[in-house]
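Please keep the sequence and the model in view while reading.

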Amino acid sequence: QVQLVESGGGSVQAGGSLRLSCAASGRTFNSYIMGWFRQAPGKEREFVGRITWSGGWIYYADSVKGRFTISSDNAKNTVYLQMNSLKPEDTAVYYCAAMSTSSKVDYWGQGTQVTVSS
C-alpha cells in the first residue's frame with residue numbers, strides 16, 4: 001500500500017506561481033513512477049507530467065511544457081510540481097499518483113485545488 005498526500009494548492013493570479021508537494025509513504029512507494037494529473041470542473045482527469053524517484057524519465061503534457069517542472073527528493077520522499085506562468089485554464093484539482101507503468105495509476109492522492117484568476 002502506498003499513501004500520497006498533496007499540499008501547496010491555493011489561489012493565484014494569472015502569471016503567478018505555485019509549488020505543489022506530494023509526500024509518499026508505504027513499503028514500496030519508491031518502486032513507482034510518480035505522476036501529476038489534474039481535473040478541471042466538467043472535464044476528465046488529464047495527465048500533467050511524470051518522473052521517477054531517481055529524477056529521470058521526465059515527461060510533460062504539451063499544455064504545461066515550458067511552464068511546469070517536476071522534481072523528486074528521495075531524502076524527503078516527496079515529489080514536487082513547480083508551476084510558473086499560470087493561466088486561468090490551469091485551474092483544476094491536482095492529483096499526485098503512483099504509477100506502475102506509464103499508463104497505469106495504482107494509487108491516487110486526495111487532490112489539492114489550484115485556482116488561477118485572470
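Two strands are said to pair if DSSP finds at least two bridges between them. Strands (E, at least two residues) and helices (H or I, at least four) are DSSP runs, numbered from the N terminus. By this rule, strand S7 and strand S8 (residues 78–83) run antiparallel and are joined by six bridges. In one of these bridges, Ser71 has Tyr80 of S8 as its partner.

The model is predicted: local features need pLDDT of at least 70, and side-chain atom pairs count only at pLDDT 80 or more, while totals for chains, interfaces and linings use all residues. Residues are numbered from 1 along each chain as its sequence is written, and side-chain values use heavy atoms, with hydrogens and water left out.

**The chain as a whole**

The protein chain contains 11 strands and zero helices. Its radius of gyration, taken over C-alpha atoms, is 13 Å, which agrees with the value near 13 Å for a compact globule of 118 residues; the globule rule is 2.2 Å times the number of residues to the power 0.38. Further values for the chain are tabulated below.

| Property of the protein chain | Value |
|---|---|
| Box filled by the C-alpha atoms, along the principal axes | roughly 40 × 25 × 25 Å |
| Share of buried residues among the 118 residues | 44% |
| Accessible surface | about 6000 Å² |
| Part of that surface belonging to carbon and sulfur atoms | 47% |

Buried means under 20% relative accessible area, exposed over 50%, and partly exposed in between (1.4 Å probe, protein chains only). Accessible areas come from the Shrake-Rupley method with a 1.4 Å probe; for residues, only the protein chains shown count as cover.

**The four-stranded sheet**

S7 and S8 belong to an open sheet of four strands, ordered S1-S3-S8-S7, with antiparallel pairing. Strand S1 (2–7) and strand S7 (68–73) are its edge strands, as each pairs on one side only.

**Asp90**

Asp90 lies in the loop between S8 and strand S9 (92–101). Is this residue, Asp90, buried or exposed? Asp90 is buried, because its relative accessible area is 0%. Leaving aside residues up to four places away in sequence, Asp90 touches Arg38, Arg67, Phe68, Ser85, Val114 and Val116, where contact means heavy atoms within 4.5 Å.
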